[in-house]
Structures are given as structure tokens and as C-alpha cells.
Amino acid sequence: MGLPFMPVHGVHGTDYERVRKDFLKVTDPYSGREIFVVPSITPDICILHAILSDPLGNLVIPGSEANRLAALSARTTIASVERIVDEKDLVARMGQTFLSALHVDLVVHRPLGAHPTSCPGTYPVDGDHVKLYVDRAKSEEKFHGYLATYVFGMSEEEYAAGVAELFFENALP
């Protein structure tokens with residue numbers, strides 16, 4: 001966004017006041033009330049999952065502005081997408097956000113790419129898999145086992161064909 005800082009609510013009286021010395025209290029020039037401002041950040045990479053892309057790299061992203069703002073602030077944005085459609089079919093509906101290809105560096109066609117999280121409007125969270133992940137993340141040994149099975153132990157195609165498609169067969173009407 002190119003802004004040097006951003007005013008934020010909800011910091012007064014929290015531990016942020018104590019531990020984040022870079023969060024500064026300023027006077028709002030319009031109301032005269034005190035408000036905190038936080039410094040801008042510039043992430044190196046933003047990775048997001050979109051519902052649609054056109055061949056030019058324009059995106060339709062599920063949810064609010066958060067993904068769009070992350071992409072606008074990052075040096076590089078990589079998007080995985082459920083579907084690539086013609087430019088004329090790229091329409092953001094209610095609850096979706098359009099992101100111009102000007103802010104996207106790379107698009108990867110990856111159906112089911114948000115699994116086990118959701119791609120709102122396309123598929124829900126795979127709660128059973130998230131529970132499995134949370135359980136495995138409780139210990140280093142179990143987490144290595146999870147990674148060996150679901151990350152390093154199979155290709156993306158095997159993952160989609162096995163784990164994710166089983167979820168879709170059982171979860172969707």
C-alpha cells in the first residue's frame with residue numbers, strides 16, 4: 001500500500017503497549033483522541049489461494065480484503081488457484097475480492113490447493129484432517145510423521161487423489 005504506518009484500534013490496555021515499543025501513541029488530528037499507529041511491513045513473499053484466475057493472472061480471492069492487502073504489501077505474490085477461466089468469466093461475487101494481475105507474480109493451477117483448509121464457496125474445511133494435523137503438531141516426532149506421510153511421502157497428485165478427494169466424497173452432497 002506504500003503507507004509508512006497504520007492507525008489501529010484495540011491496543012490500549014493490552015500487552016502490545018508493553019512489548020511492542022514500535023507501536024506508538026499519537027493524537028488523531030480529527031478527533032483529538034489518542035490512537036496507536038503501527039509501522040508498515042513489507043513481506044518478501046505472499047502466498048495465497050484463489051478461486052479463479054484468468055490467463056493474465058487476475059484473481060478472484062475468497063474472503064475479505066486481508067489477502068488482497070497482503071498481496072499489495074509483498075515484494076512477490078504467488079497464487080495457487082482452483083480454476084483458470086477466460087477473462088470474460090472472471091467475476092468476483094459477494095464475499096469475494098478481485099486482485100489485479102499487476103500485483104501477482106506467479107499463478108499455479110492447483111485444484112484443492114487450500115485443503116485441508118477451506119476455499120469459501122468452493123469447499124469447506126476438512127475438520128477431520130485439521131484435527132489430525134493439530135494432534136500431530138503436538139510433538140516433534142508425530143509432526144515428522146505427519147510431514148513424512150502427507151508432505152514428503154506423496155506427490156501433490158497423490159494427495160489430491162487420496163486425502164482430499166476422500167474428503168470431498170464424504171463431506172459434500
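# A tour of the predicted model

The structure holds 10 salt bridges, a salt bridge being a side-chain nitrogen of Lys or Arg within 4 Å of a carboxyl oxygen of Asp or Glu. This is a predicted model, in which local features need pLDDT of at least 70 and side-chain atom pairs count only at pLDDT 80 or more, while totals for chains, interfaces and linings use all residues. Residues are numbered from 1 along each chain as its sequence is written, and side-chain values use heavy atoms, with hydrogens and water left out.

## Salt bridges

Select Asp15 and Arg18. They form a salt bridge whose closest N and O atoms are 3.6 Å apart. Because the two are three residues apart in helix α1 (residues 15-19), about one helical turn separates Asp15 from Arg18. Helices (H or I, at least four residues) and strands (E, at least two) are DSSP runs, numbered from the N terminus. Asp15 and Arg18 are both exposed. For relative accessible area, buried means under 20%, exposed over 50%, and partly exposed in between, with a 1.4 Å probe and protein chains only.

Next, select Arg20 and Asp22. Their side chains meet in a salt bridge of 2.8 Å, N to O. Arg20 counts as partly exposed at 32% relative accessibility, and Asp22 counts as partly exposed at 35%.

Now go to Lys88 and Asp89. A salt bridge joins these side chains at 3.3 Å, N to O. Lys88 is exposed, with a relative accessible area of 65%, whereas Asp89 is partly exposed at 40%.

Select Ser31, in the loop between β2 (24-27) and β3 (34-39). Ser31 counts as partly exposed, at 34% relative accessibility. Its side chain makes a polar contact with the side chain of Asp28 at 3.2 Å. A polar contact is a pair of N or O atoms within 3.5 Å; within protein, one must be able to donate a hydrogen and the other to accept it, and residues adjacent in sequence count only if both atoms are side-chain atoms. Show the backbone of Arg33 as well: its nitrogen lies 3.1 Å from a polar atom of the Ser31 side chain.

Move to His49 in strand β4 (residues 45-53). At 13% relative accessibility, His49 counts as buried. Which side chains make polar contacts with the side chain of His49? One is that of Ser80, at 2.6 Å, and another is that of Glu82, at 2.6 Å.

## Cysteines

Select Cys46 and Cys119. A search of the whole structure finds zero disulfides, a disulfide being a pair of cysteine sulfur atoms within 2.5 Å. Cys46 is in no disulfide, and the nearest cysteine sulfur, that of Cys119, is 15 Å away. Likewise, Cys119 is in no disulfide, with the sulfur of Cys46 as its nearest cysteine sulfur. Cys46 is buried, with a relative accessible area of 7%, and Cys119 is buried at 1%.

## The loop between β8 and α3

Select Leu112, which lies in the loop between β8 and α3. Leu112 has a positive phi of about 65° although it is not a glycine. At 18% relative accessibility, Leu112 counts as buried.

Continue to His115 and Pro116. The peptide bond from His115 to Pro116 is cis, with omega near 10°. Pro116 is found in the loop between β8 (106-109) and α3 (127-136).

## The largest pocket

Finish with the largest pocket, which has a volume of about 510 Å³. On a 1 Å grid over the protein atoms alone, a pocket is an open set of points where a 1.4 Å probe fits, with protein on both sides within 12 Å along at least five of seven lines; lining residues have an atom within 4 Å of a point. Grid points are joined across faces, edges and corners, and the volume is the space filled by probe spheres set on the points.

Select Arg110, Gly113, His115, Glu156 and Tyr159. Of the 18 residues that line the largest pocket, these are the closest to its centre. Then colour α4 (140-151) and α5 (156-171), each of which supplies at least two residues of the lining.

By class, the lining has 11 nonpolar, five polar and two charged residues. Here Ala, Val, Leu, Ile, Met, Phe, Trp, Tyr, Cys and Pro count as nonpolar, Asp, Glu, Lys and Arg as charged, and the others, Gly among them, as polar.
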